Amino acid sequence: MYYLGLLIEYLKNYMKTRLTYRADFWVEVISDLLFQATNFIFILVIFMHTDSLGGWNQNEVVFVYGFFMVPFGVFSCFVNMWGFSERYIVKGEMDRILTRPAHNLFQIFLENVDPPSLFGSIIGLIIMAISGSNLGLPFEWWTLPMLILLTLSAVAIYTGIYTTLTSLSFYSDAPTGILPLMYNIQTYGRYPVTIYNRAIQVLLTWIIPFAFVGIYPAALFLHRDEMRTMALLTPLVGVVFLSIGLMAWSFGVKRYKGAGS
Amino acid sequence: MLGAYFDFIRIRFLTMLAYRVNYYSGILIYTLNIGVNYFTWRAIYGDGESLGGFTGAQMTTYVAVSWMARAFYFNNLDREISTDIRDGSIAIQFIRPYNYVLVKMMQGLGEGLFRFMMLMIPGMLIAILLFPVQLPTEPSAWAGFLVMLFFSFLISSQINIITGLSAFFVENNEGMMRMKRVVVDLFSGLIVPITLFPDWLSSVLKVLPFQAITYLPGSVFTGRVQGVGIWNVLGIQVIWFLILLIPIVWLNHAARQRLFVQGG
């Protein structure tokens, strides 16, 4: 309850700050959607030149993409660690966080909430609905609960990976350049992983499991039976990676001594 | 006076060198990017021989060289400038006896040189080992590519500077910076070579500066553009370099009039 109250306070605060830079709000929404659109355009361009990508047709790939956008929007809204190192470590804001009663990671999430990202999730749902009806996908009794469960699992995977990477900044004093590049790689989890060679498949499945935020869970709704086991594993992977992230974080925080300046 | 500017290159290079460990992960991740793109394109080609005038081998080379070129020309000048503007330190920089924009360009060059040596060259070597990249045999392709790569850097940095300076007018230009990054990656031909776009879009992109950043140097390196053609595409880059100077000079001038410090 206490944490829910904090969330609401922070959202109110967010609205106030946002109203100062009103025009920028829309620029940000548009730029977010444009970022998603690049990948979408990539898919459309690909299918102008071929009929299938590793045995998946255009509507299926677009559907996977739509699914991918949903958890990503939720993740970007509530878990935004971009620029953590510069803001909290280099400028010493971490000291302020640590002297407050609420959990430190939760405070950092709160201070960076970004509701415009949720527009991406909405667009994702629309894309899923359109391509799903093109494919004539049935709407089963488990579709909606499964969608919620898999979305939450995917958000947990994202949070786990990015929290782990961000907690590296407690160990090295240099701002890490890994995060922006990771944003590039995560999009590859949307494509049928079977087109990649073994090493990349293993990497995207077990090491940085971005295949579990796109292709595997989406395959369940597409009734792609060859990936059903993987799809059902998604919640487990979510729990495992979220735990790794939280552990890496709390180890990091213990090691934190504050910046010199 | 000129010596002072060279010092900015040197100092930035040394600063980057101090943080070089970060770049080892960078090499890995750029290689991974190339790998994933390579497999995606291979799946797209299937049994097909050529797409949009690219053979499979040319596409592999194009993907590798485009990502590696990005490893060189990419920088965060836009962010640096808008941070200077927002925290007010630009006021001090403006009264110092140097040209602020030129200094930023020099710092960008220092970073570029570092990225060229620590990220692009080693990354390229790894990519050549892992993927069937075809290196050009003609010396003119190599010379042309290196000169064009330098112009890629100049044009990309100019666009960054324009985006950064826009913070004078929109106060919070976070959204603009993100939008710029997306537009440059997509429209420069990094993600999809421009010839593969639908006709209407590729004809629009041919009159925009972005193709000069990735697509044109990539075309020279893959041998799609040869001989006299190299002079033509280089000409396009030079023209864009000159055109983009105009908004920079204007913005820099207008900014001095508009400068107000937000709680600096």
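Lys and Arg count as positive and Asp and Glu as negative, with His and the chain ends not counted; each charge is placed at NZ of Lys, CZ of Arg, CG of Asp or CD of Glu. This is a predicted model, in which local features need pLDDT of at least 70, side-chain atom pairs count only at pLDDT 80 or more, and totals for chains, interfaces and linings use all residues. Residues are numbered from 1 along each chain as its sequence is written, chains are lettered from A and ligands numbered from 1 in the order in which they are written, and side-chain values use heavy atoms, with hydrogens and water left out.

**Stop 1: chain A**

Select chain A and display its charged side chains. The 15 positive and 15 negative charges have mean positions 8 Å apart. Switch to a cartoon: chain A contains 12 helices and 2 strands (DSSP runs numbered from the N terminus, H or I of at least four residues for helices, E of at least two for strands). Their order along the sequence is α-α-β-β-α-α-α-α-α-α-α-α-α-α. Chain A is as compact as a globular protein of its 261 residues, because its radius of gyration of 19 Å is close to the 18 Å from the globule rule (taken over C-alpha atoms; the rule is 2.2 Å times the number of residues to the power 0.38). Along the principal axes, the C-alpha atoms of chain A fill a box of roughly 60 × 40 × 35 Å.

Now show the surface. Chain A exposes about 11,800 Å², with 69% supplied by carbon and sulfur atoms (Shrake-Rupley method, 1.4 Å probe; for residues, only the protein chains shown count as cover). Buried residues are 54% of the 261 in chain A (buried is under 20% relative accessible area, exposed over 50%, partly exposed in between; 1.4 Å probe, protein chains only).

**Stop 2**

Select A:Leu7, in helix α1 (residues 2-20). Beyond its neighbours within four places in sequence, A:Leu7 is in contact with A:Phe78, A:Leu110 and A:Val113 (contact means heavy atoms within 4.5 Å). A distance label from A:Leu7 to A:Ser52, 45 residues apart along the chain, gives 45 Å between C-alpha atoms.

Next, go to A:Asn184 in helix α9 (residues 178-186) of chain A. A:Asn184 counts as buried, at 19% relative accessibility. Which residues does A:Asn184 contact, leaving aside neighbours within four places in sequence? They are B:Asn33 and B:Trp67.

**Stop 3: chain B**

Select chain B, which also has a listing of 12 helices and 2 strands. Buried residues make up 58% of chain B. Of the contacts in chain B between residues at least 6 apart in sequence, 81% join residues at least 24 apart.

**Stop 4: two residues of chain B**

Select B:Ser188, in the loop between α9 (174-187) and α10 (199-205). B:Ser188 is buried, at 0% relative accessibility. Its side chain makes a polar contact with that of B:Thr214 at 3.1 Å (a pair of N or O atoms within 3.5 Å; within protein, one must be able to donate a hydrogen and the other to accept it, and residues adjacent in sequence count only if both atoms are side-chain atoms). Residues touching B:Ser188 include B:Tyr62, B:Tyr73 and B:Phe210.

Finish at B:Phe151 in helix α7 (residues 139-165), buried at 16% relative accessible area. B:Phe151 touches B:Leu234, B:Gln237, B:Val238 and B:Phe241, not counting residues up to four places away in sequence.
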